[in-house]
Amino acid sequence: MLRRLVAGLAAIVLVAEAAVLVLVHIVLGKTTANQAMSIAGSDPDVMSKATYGLGVGMGAFLLLCAVLAAVAAVRDRAPGAFARVVLVTAAVTHGVLGVLAVALVGWGAFAVTSLILCLLVLTLMLYAAPAEAGNGAGGEVRDTPPPPFGELKPTSP
């Protein structure tokens with residue numbers, strides 16, 4: 001129950017973050033397009049299009065993360081290998097952005113970024129991969145316990 005709630009909450013928060021970041025990039029792109037000066041010789045039109053592209057890319061990535069978290073919540077199963085890699089990438093990105101946010105924006109942005117980071121990490125930890133649940137080497141599950149310490153098994157030469 002808890003892991004479904006956390007994964008669903010992570011999906012909702014990621015959708016909201018994607019919407020906010022796309023909106024911020026639209027405003028920044030329009031502001032850059034309306035300026036009549038170049039920054040270090042850069043074309044304002046190219047800068048505004050790059051800002052729009054970055055906003056779309058970030059929004060799409062966050063929406064992908066939200067869909068993967070929502071699928072894990074609905075199925076109540078651990079995400080697959082691809083989904084785990086994407087969610088770990090998002091978590092690492094939020095960790096780095098949290099450090100930058102506290103330096104550039106303030107503690108409020110750090111708190112929001114850290115909340116999203118915590119939701120992503122908690123989602124990954126609550127949905128442990130099936131191979132991690134085993135008690136043997138390499139993740140396989142053994143039916144019999146390992147031999148006692150003093151017992152020797154014959155080996156072939």
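**View 1. Thr 32, a buried residue of a predicted model.** Thr 32 counts as buried because its relative accessibility is 16%, and buried means under 20%. The model shown here is predicted. Thr 32 is found in helix α1. Which residues does Thr 32 contact, leaving aside neighbours within four places in sequence? They are Pro 44, Met 47 and Ser 48.

**View 2. The whole protein chain.** The chain has four helices and zero strands. From the N terminus on, the elements run α-α-α-α. The chain has 157 residues, and 29% of them count as buried. Its accessible surface comes to about 10300 Å². Carbon and sulfur atoms hold 73% of that surface. Now take the contacts with a separation of 6 or more: residues 24 or more positions apart account for 67% of them.

**View 3. Helix α1 against helix α2.** Two packed helices are described by an angle and a distance, both taken between their axes. Helix α1 covers residues 2-34, and helix α2 covers residues 44-75. They pack at an angle of about 170°. Their axes are 8 Å apart. Are the two helices roughly parallel or roughly antiparallel? The angle makes α1 roughly antiparallel to α2, because angles over 145 degrees count that way. What kinds of residue form the contact of α1 with α2? By class, there are 23 nonpolar, eight polar and three charged residues.

**View 4. The largest nonpolar core.** This core has 21 residues. The residues with the most contacts inside the core are Leu 14, Leu 62, Cys 65, Leu 87, Ile 116, Leu 119 and Leu 120. Helices α1, α2, α3 (81-104) and α4 (107-126) each supply at least two residues of the core. Which helix gives the most? Helix α1 does, with seven residues.

**View 5. Leu 120 and its contacts.** Leu 120 is among the core residues with the most contacts inside the core. Set aside residues up to four places away in sequence: Leu 120 then touches Leu 14, Leu 87, Ala 90, Ala 91 and His 94. Leu 14 and Leu 87 are also on the list of core residues with the most contacts.

**View 6. Asp 76 in a loop.** Asp 76 lies in the loop between α2 and α3. Most residues other than glycine have a negative phi. Asp 76 is not a glycine, yet its phi is positive, at about 55°.

Methods. Residues are numbered from 1 along each chain as its sequence is written. This is a predicted model: local features need pLDDT of at least 70, side-chain atom pairs count only at pLDDT 80 or more; totals for chains, interfaces and linings use all residues. Side-chain values use heavy atoms; hydrogens and water are left out. Buried means under 20% relative accessible area, exposed over 50%, partly exposed in between (1.4 Å probe, protein chains only). Contact means heavy atoms within 4.5 Å. Accessible areas come from the Shrake-Rupley method with a 1.4 Å probe; for residues, only the protein chains shown count as cover. Axes are lines fitted to C-alpha atoms, for helices over the stretch in contact, and angles run from 0 to 180 degrees between N-to-C directions. Angles under 35 degrees count as roughly parallel, over 145 as roughly antiparallel, 65 to 115 as roughly perpendicular and the rest as oblique. Ala, Val, Leu, Ile, Met, Phe, Trp, Tyr, Cys and Pro count as nonpolar, Asp, Glu, Lys and Arg as charged, and the others, Gly among them, as polar. A nonpolar core is a set of buried Ala, Val, Leu, Ile, Met, Phe, Trp, Tyr and Cys residues joined through side-chain atoms within 4.5 Å.
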